Amino acid sequence: MGRDMAEAVATKGALGKSAAPWLLSLDALVRDEALAARKNVGGKAARLAWLRRHGFLVPETWVLPQRAFAAALRELPPACEPRSLLRAATGQRAYARAAEAREEILRAPLPPKLEAELAELCDRYGSRAPWGFAVRSSATCEDGALVSMAGLAETILGVRGPEALASAVRRVWASIASGRALVYLATHGIRDIAMAVVIQPMVEAVAAGVMFTRRTGLSGPLERIVNAGVGLGAPVVDGVTTPDMLRLGASGEVIEQTIVRKHKAMVVGASGVEEIDVSRPDAPALSKSHIASLSDVAKRLESIEDVAWDVEFACEEDRVWVVQARHVTGLGFPEGGDAQTVWSSANVGEALPGVATPFTWSIAGAYSETGFRKAFGTLGCSVPKHARLVGNVHGRFYLNLTEFMRIAAQVPWLDPRTLVELGGGAGGEELATQVGDVSHKMFLARLPITATRLLREQLRLDEHVVKFEVEADRALRDHDALDLAILPDDGASRKFRDVQALLERTGDVMLTCASSALGTHILLKSLLSRVEPNGAERLAHDLTRGIRDLESARPAIGVMRIVSLARREPAARAALETEGATIGSIPEGPTKRALSSFLELYGDRAVREAELSTRWCASRSAATPERSSLSSPARKRLQTPRCSASSRG
């Protein structure tokens, strides 16, 4: 969006009296609150009018009210009506009916005069929208208190020309007739829905993303979470790219940031939406002025309505446009918890410190939940049917430590504080006060059977591990020899099932080893308590910790060694502390040799290495020494008096 379009935001912006029948300008909605009601223009458009009314920088917008959708539906069979589709959303033919309705809507004629109005819009404003128009949904239940519909309805970017604009309107209407959207709405008690459409000139974004203005339901100081990428924000919003992650304080200060390498940026070119190479892939997506503007937006939003906000934004030059904003939906606590529940990202947060992609969560979420239940069952503990052990907190993995401890407390000899410490977490003292009423009766009743099974598994553990290593190695070779891009749908589906089975098998072996280690710790503590009652816990922990034997701990140990050497080499330390340092800028010596060895061993490791995405053909080659820059966390370790390995098995 150019500066002339920014100036147009302050002007009337309507298409004239002749356009009154269908398209409504955002300025018209700002002036008439009744016209801007959710029942007329949907949740997204109503909120955009609210934002403009309160002085936020919002792109020029036109809205096609829901009555246009209703008029188009009157020309179609009754089975295409949303009310009918929602009633059948849980039936056996739900997806088939939705697909049939979608095709009907895509072929539906537009209401009289609407095509002429869309053509007039393109003629008047097309020259001021070099990247074309964005056409978005604005359902009447969208962005509500309990239903957001985020990502369920279609958004079409880079639309140019009257015919393409008319087609985009139909596609947005038809997106309501998708199986997953209908199931989502029916599950949330929605019985009918209407669809308005938002049309905006595309912001020529240098960066874009999403901001959560506060952490809902979690104690501690106020923090804002920002995820941003270069170019358009669709890859960040859709979860198909790894964004920069920033934690901001209440005053806008950066508490923590993770800057990722961004090879490609999504933009709108001459032929439509495309990806281009990024000239500075390691540079932050957001400038200091962008961060300051986002902090100001968050403060102003919360000063008007004191709730947590989910804000989508786009940065053009030094300006930050608010593309949409909604209240964070839900009850304020992660599913499976309440105000007293302790959640922790310790351990899992090392592999996935940022927001996980939907693909990652769909696989790892269910895998983790099933794995932990199986582990507790192996130990002889009862797991409540409706307990949630793993939670999705704004897209991040968290463990429900309160539920963990209540289950683990069934073991009479297991102190919750010990389990928290072994897992790399904190808060053991608080958790210990929450498990005092847990009964040991059922555990003790099952103990003879449990002990026999654990002993049998322990005796066969070495054999199981060796057998699994052979199977895993063969599966990896088979996987590397296969090109996923050429597989048909059923072949890809079978491959995913094979990988899922291997993942579950891996989890079984890992959990058997973990159960064995935990059982060894408990037994060792019992024996040590006879000779050293006061120090048995500490001695058992020290003897069973074995951090240097853990594969996952070795990268952290390697970093500790580099830090230790750099402290004794001032020239190497100075080079490492320089922003953008590379291996070539470090003088010859022990530090450089240690770093070269580290990159050779772990150059393909990353803080988000456990993440799954749909970028099938991404290169898995190791980072080369000359191109590998040191991350901010590595430089921070040089300034830390003590370093401890944080990776745990």
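## Overview

Of the 649 residues in the chain, 45% are buried (under 20% relative accessible area, with a 1.4 Å probe and protein chains only). This is a predicted model, in which local features need pLDDT of at least 70 and side-chain atom pairs count only at pLDDT 80 or more, while totals for chains, interfaces and linings use all residues. Residues are numbered from 1 along each chain as its sequence is written, and side-chain values use heavy atoms, without hydrogens and water.

The chain has 24 helices and 16 strands, taken as DSSP runs numbered from the N terminus (helices H or I, at least four residues; strands E, at least two). Among contacts (heavy atoms within 4.5 Å) between residues at least 6 apart in sequence, 69% join residues at least 24 apart.

## An open sheet

An open sheet of 5 strands has the order β1-β2-β5-β3-β4, with antiparallel pairing (at least two DSSP bridges between two strands). Its edge strands, β1 (24–25) and β4 (156–159), each pair on one side only.

Strand β2 (residues 62–64) pairs with strand β5 (residues 195–201) over 3 bridges in the antiparallel sense. Within β5, V198 stands opposite V63.

## Packing of α7 and α8

Helix α7 (residues 114–125) packs against helix α8 (residues 162–174) at an angle of about 120°, and their axes are 8 Å apart. Axes are lines fitted to C-alpha atoms over the stretch in contact, and angles run from 0 to 180 degrees between N-to-C directions. The two helices, α7 and α8, are therefore oblique to each other, since angles under 35 degrees count as roughly parallel, over 145 as roughly antiparallel, 65 to 115 as roughly perpendicular and the rest as oblique.

Residues making the contact include L114 and L118 of α7, and L165 and W173 of α8.

Methods. Buried means under 20% relative accessible area, exposed over 50%, partly exposed in between (1.4 Å probe, protein chains only).
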